[in-house]
Amino acid sequence: MGSLSVSRRDVLKVSTLGAAALALPFERVARAKTASKIAENKIPRPYTLPFKVPPVIDGRGGGTITIAQKMQNAVILPGVQTPIFGYNGITPGPTILARRGTPLSVAVSNELPAKHPNWGYEAWTSVHLHGSASKPQFDGYASDITRVGQTKTYQFPNNQESRTLWYHDHGVHHTAENAYMGLAAMYLMSDELEDRLPIPKGSYDLPVVIADKMFAANGSLMYDDEGHSGLYGDVMLVNGQPWPNLKVAKRKYRFRILNASLSRGLRLQLSNSAPMTVIATDGGLMPKPQTTVQLRVGMAERYEVVIDFAQYAPGTKIQLRNLGVPNSRDFDNTDKVMQFEVTADAFDAANNAVADADGNLNPDNEIMKLDETTVPGIKTVKLDLHRSNSTWKVNNTTWDDIVKSNYQTVVANPQPDEVQIWEITNKSGGWFHPTHIHLVDFKILSRNGKPPFNYELGPKDVAYVGENETVRLITKFAHQTGRYMIHCHNLPHEDHDMMTQFRVGTDNADNDPITSAPAGPIGATGGVTVIPVVNTSTPATPTATPTAVPTPAATTATPAPAATTTTRRRR
């Protein structure tokens, strides 16, 4: 059986994409407060477009659903056709509804172009259900790729408590480009505890997928990660819509906020400085709700926030603003996210609270009850995030080192159900690193010896590790065994090459992330062979204009039956 072999030297070494990434910052400085090259009159004024909600696939009954990764034209800017990569041809892709205790199979086919029309790379993919305790072979392991013309069926156990998950691409060395092109969507898992709580539901429970983009003169997406340090667009999208306006009734709403940007951290605040109530974090409901005026959201973090509009007169307009975080590149309107416009519409008064009658949400969450003082001989694992020899590293290793070890090198080897302390230290003074640990939820214990923010007092799977900061966390390695990734969710950092892995228990034939359940040709049956990754460099002359694709019809998805050099950002 073939093995995946990818060298960092193979990736964007002297490609024109790499050259453009190094050259474009000079142009952007000249343009001052904008990044896009498209005519200004093509970009809408903030708050003039309506809020949209992605379509839903109901997988709560289990079985198998099918999703196709496709390139389509999307109308993101009014009257402009923008080629995107989308699950079922849309971005964000369909929101999948799941139910705890009901496993779900998702068959994903790669129907993307063989080469990206602008950037020239081979569009292999790997689907990661972020926040799920999936087996290693269904976790979106970066080197477990699905090539164009192949399909893979993922088995999602749905064995955790209710939570806001999301699925996105994780294909080795091209996660950033694929996710930026649009391969991201929400996955919402419910359970009986959530059902019983009187928190907002139904039409008062809304996704807020935030991402920043920049547009070329012809309307295509521009990609400039500034020498693999970070990509910062000037157009803020919510559910794929630039700076939308949402009409709200005089009651409480629950917003599931996901920062789906590649590199932009957010510091959210309402324009009138009114409080927001946080009821859930990455891993689901908090023990108790927490109130805050500002909410910092690193890439891939999710927070469920309740905002009460009952006190406002009809016609009142309140904006959700982004105050920004250190070391992000800001533009004219990146301080704006969306607007709420209060109406006099009638509404359902049920489920209009932030907790139960005792003020609780999920006081018995196992992770939040972990206490380092009660675990005899608890082990501490230290992770050092830094840049060395122009490459992003974890404990002075890269994913290329993992590949060279035949995927055997690990930074930790906890045993099933073992509890450990992890200390994550960021020595990169010019960047923060939102660090994602696959498989597990964890509890943040401290930041540089100080308590975490109150809105972090819930189960997490991404830790915002600030510049020159050490974050201590505690977790239990439950649910599965095998190898799982740890990486920075600034996706250009992950791709170049701040990613490593840990192993729970031992490896066996049933949990190898590459060979246990490889992708195969679309429509094929029977066994398949792993196709190794080779020749990953991009062509010398990528196409200047995106390949024309037909404007997509409305997509309805239904369940089926059964340059490697990294340079510091210029400021």
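**Notebook: strands and burial**

I looked up strand S26 (residues 442-447): 5 of its 6 residues are buried, so S26 is largely enclosed by the rest of the structure. Buried means under 20% relative accessible area, with exposed over 50% and partly exposed in between, using a 1.4 Å probe and protein chains only. Strands (E, at least two residues) and helices (H or I, at least four) are DSSP runs, numbered from the N terminus.

I noted that this is a predicted model, in which local features need pLDDT of at least 70, side-chain atom pairs count only at pLDDT 80 or more, and totals for chains, interfaces and linings use all residues. Residues are numbered from 1 along each chain as its sequence is written, and side-chain values use heavy atoms, leaving out hydrogens and water.

I then checked the partner of S26: 5 bridges join S26 to strand S28 (residues 470-476), and the two run antiparallel. Within this pair, Phe442 stands opposite Thr475 in S28.

Next I traced an open sheet of 5 strands, with mixed pairing and the order S13-S21-S20-S15-S18. Two strands pair if DSSP finds at least two bridges between them. Strand S13 (245-248) and strand S18 (295-297) are the edge strands, each pairing on one side only.

Inside this sheet I examined strand S15 (residues 266-270), which 3 bridges join to strand S20 (residues 317-322) in an antiparallel arrangement. Here Gln269 stands opposite Arg321 in S20.

For the whole protein I recorded 5 helices and 32 strands. Of its 571 residues, 62% count as buried.
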